[in-house]
Amino acid sequence: MAGRTRLAVSYVNGAFGVVSGVCNHAGGPLGAGTLDGEYITCPWHAWKFHCRTGVGEPGSENDIVPRYDSEVRTARCG
């Protein structure tokens with residue numbers, strides 16, 4: 001979560017993806033879903049969204065969840 005926003009964070013093929021953690025179909029917990037290639041599968045009804053763009057799987061491209069920019073920062077100790 002970031003503030004009150006639920007997020008689904010993934011790391012696929014060397015890149016992070018951040019999309020809404022709430023499925024737009026029935027409000028399912030997309031962040032608790034599984035990865036199928038580059039698609040996050042909602043555990044409630046198996047809707048799939050691309051892990052970086054939020055666009056629905058082929059044939060369902062109009063089903064889109066919000067996507068968020070991400071940035072990797074490294075911390076220095078000492």
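Start by selecting β3 and strand β4 (residues 39–41): the two pair in the antiparallel sense over 3 bridges. Strands here are DSSP runs of E with at least two residues, numbered from the N terminus, and two of them pair if DSSP finds at least two bridges between them. Before you go on, remember that this is a predicted model, where local features need pLDDT of at least 70 and side-chain atom pairs count only at pLDDT 80 or more, while totals for chains, interfaces and linings use all residues. Residues are numbered from 1 along each chain as its sequence is written, and side-chain values use heavy atoms, with hydrogens and water left out.

Now click on D36: its bridge partner in β4 is Y39.

You now have an open sheet of 3 strands, in the order β3-β4-β5, with antiparallel pairing. At the edges sit β3 (34–36) and β5 (48–50), each pairing on one side only. On average, neighbouring strands of this sheet are turned by 35° against each other, direction ignored; the axes are lines fitted to C-alpha atoms, and angles run from 0 to 180 degrees between N-to-C directions.

Last stop: H50, which belongs to strand β5. Is H50 buried or exposed? Its relative accessible area is 12%, so H50 is buried (under 20%; exposed is over 50%, partly exposed in between, with a 1.4 Å probe and protein chains only). Show its surroundings and you'll find contacts (heavy atoms within 4.5 Å) with V19, E38, Y39 and V55, leaving out residues up to four places away in sequence.

Terms used. Helices (H or I, at least four residues) and strands (E, at least two) are DSSP runs, numbered from the N terminus.
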